[in-house]
Amino acid sequence: MTKQIISEHKRNERLSLQIVQTLAGTMDAKDSYTKGHSNRVALFTKEIAKRAGYSEKAQEEIYMMGLLHDVGKIGVPDEVLTKVTRLTDEEYAQIKTHPMVGFEILKNITEMPKLAIGARWHHERYDGRGYPDNLSGKDIPEEARIIAVADAYDAMSSRRSYHEIFSQEYIVSELVNGKGTQFDPAFADIMLAVISEDSEYLLKENTEIKQNREKQDYSLENSDKERVFLTMLEAWGFNPAFGMRYCMNDIGFYAEMLEEFVSDADERIEKMNRSLADEDINNYRIVVNSLKSSSRSIGCEDLSVNAKESEEAAKRDDGEYIKENHEKLVDMLRNTVRGINTTLGFFRS
């Protein structure tokens with residue numbers, strides 16, 4: 001019974017992480033220029049916390065906070081988020097609402113009460129000139145001070161609609177100049193130490209932090225069976241590297257995600273068929289939106305793209321497109337399930 005309880009507890013923890021990562025990915029997808037931003041901020045945040053002496057449990061907590069620090073941007077119009085020219089005062093005011101929107105979304109998750117901290121206070125400044133509450137110094141929760149540094153680093157080291165990737169030299173100068181004004185000096189110094197170790201500038205957009213680099217290359221430390229598992233998924237058209245990123249590079253967690261995807265497939269197909277028969281386009285849109293997100297999270301990009309196209313058709317109230325492409329989408333889903341079952345059968349044997 002004890003082993004069963006521990007196993008169930010670990011599974012629930014992984015499921016909670018999966019939900020958080022999916023929500024973060026959905027939010028990042030609002031802006032093509034910031035895809036992966038939440039994951040990178042979470043990784044940088046965790047690294048700073050590790051070097052600051054946080055326990056492993058506290059590191060995992062702040063990682064989750066980093067993943068959802070920008071969740072409030074769900075409430076900001078896309079045209080404001082992706083605008084390439086200077087924001088108007090009104091548009092900037094809309095951007096500045098996202099910490100409180102995020103706080104309101106996350107404050108009700110009582111099982112993880114700290115999630116809301118990063119969302120609300122990651123734009124506070126050490127000198128008190130930030131927002132939304134104009135907190136200063138140690139009055140800003142420590143986790144939010146860490147996320148603020150990680151967030152600023154990723155903003156400068158990745159492409160945005162309004163700028164390209166900045167040089168390391170420029171980023172270093174900005175962090176140094178911001179110590180004691182924008183940033184907590186101690187955490188800025190830790191980020192500067194991380195940068196100093198990154199002589200090849202590998203931490204810029206679309207890369208992972210150095211401490212996790214070995215975990216990304218499964219040929220370095222995993223068994224032949226696990227390498228074959230990932231290769232088999234590729235043969236079925238998956239991008240397992242993307243799915244693994246959603247699972248913190250935990251291959252066991254990835255296998256569980258695949259199993260859950262399979263277990264939901266028949267119910268999804270039934271809902272799609274029923275919605276189509278009832279000509280309930282709005283419900284069809286809800287189902288394919290879920291399929292789009294879940295298939296993307298496991299690395300099945302083609303299925304995700306096709307589900308998105310059906311979702312867009314539903315938004316246009318284009319029933320003809322949905323009817324014409326319904327069977328194709330269902331067949332793709334069934335083929336995906338066959339690929340997963342075949343691969344998992346090998347992995348579990």
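This section describes the confidence, overall composition and selected side-chain contacts of a predicted protein model.

Residues are numbered from 1 along each chain as its sequence is written, and side-chain values use heavy atoms, with hydrogens and water left out. As the model is predicted, local features need pLDDT of at least 70 and side-chain atom pairs count only at pLDDT 80 or more, whereas totals for chains, interfaces and linings use all residues.

The protein chain has a mean pLDDT (the predictor's confidence in each residue, from 0 to 100) of 84, and 81% of its residues reach 70 or more. Helices (DSSP runs of H or I, at least four residues) and strands (DSSP runs of E, at least two residues) are numbered from the N terminus. On this assignment the protein chain contains 18 helices and zero strands. Confidence is highest in helix 10 (residues 185–196), with a mean of 96, and lowest in helix 12 (residues 218–221), with a mean of 34. Over residues 206–222 pLDDT stays under 50, and the model has 32 contacts (heavy atoms within 4.5 Å) beyond four places in sequence for this segment. Where pLDDT is low, the predicted coordinates should not be read in detail.

Of the 349 residues in the protein chain, 47% are buried; buried denotes under 20% relative accessible area, exposed over 50%, and partly exposed the range in between (1.4 Å probe, protein chains only). The accessible surface (Shrake-Rupley method, 1.4 Å probe; for residues, only the protein chains shown count as cover) comes to about 17,300 Å², and carbon and sulfur atoms account for 50% of this area. Among contacts between residues at least 6 apart in sequence, 65% join residues at least 24 apart.

Ser 158 is located in the loop between helix 8 (142–156) and helix 9 (168–178). Ser 158 is buried, with a relative accessible area of 0%, and its side chain reaches the backbone oxygen of Asp 154 at 2.5 Å.

With a salt bridge defined as a side-chain nitrogen of Lys or Arg within 4 Å of a carboxyl oxygen of Asp or Glu, the count comes to 20. One of these joins the side chains of Arg 51 and Glu 197, with an N to O distance of 2.8 Å. Arg 51 belongs to helix 2 (residues 37–51) and Glu 197 to the loop between helix 10 and helix 11 (213–216), so the pair ties together parts that are 146 residues apart in sequence. Both residues are partly exposed, Arg 51 at a relative accessible area of 36% and Glu 197 at 40%.

A network of salt bridges links Lys 57, Glu 61, Lys 114 and Glu 143. Within it, the side chains of Lys 114 and Glu 61 meet at 4.0 Å, N to O. Lys 114 is partly exposed, at 36% relative accessible area, as is Glu 61, at 31%. Lys 114 also forms a salt bridge with Glu 143, the closest N and O atoms being 3.0 Å apart. This pair links distant parts of the chain, with Glu 143 in helix 8 and Lys 114 in the loop between helix 6 and helix 7, 29 residues apart. Glu 143 is buried, with a relative accessible area of 12%.

How values were computed:
Polar contact = N/O pair within 3.5 Å; in protein donor to acceptor, adjacent residues only side chain to side chain.
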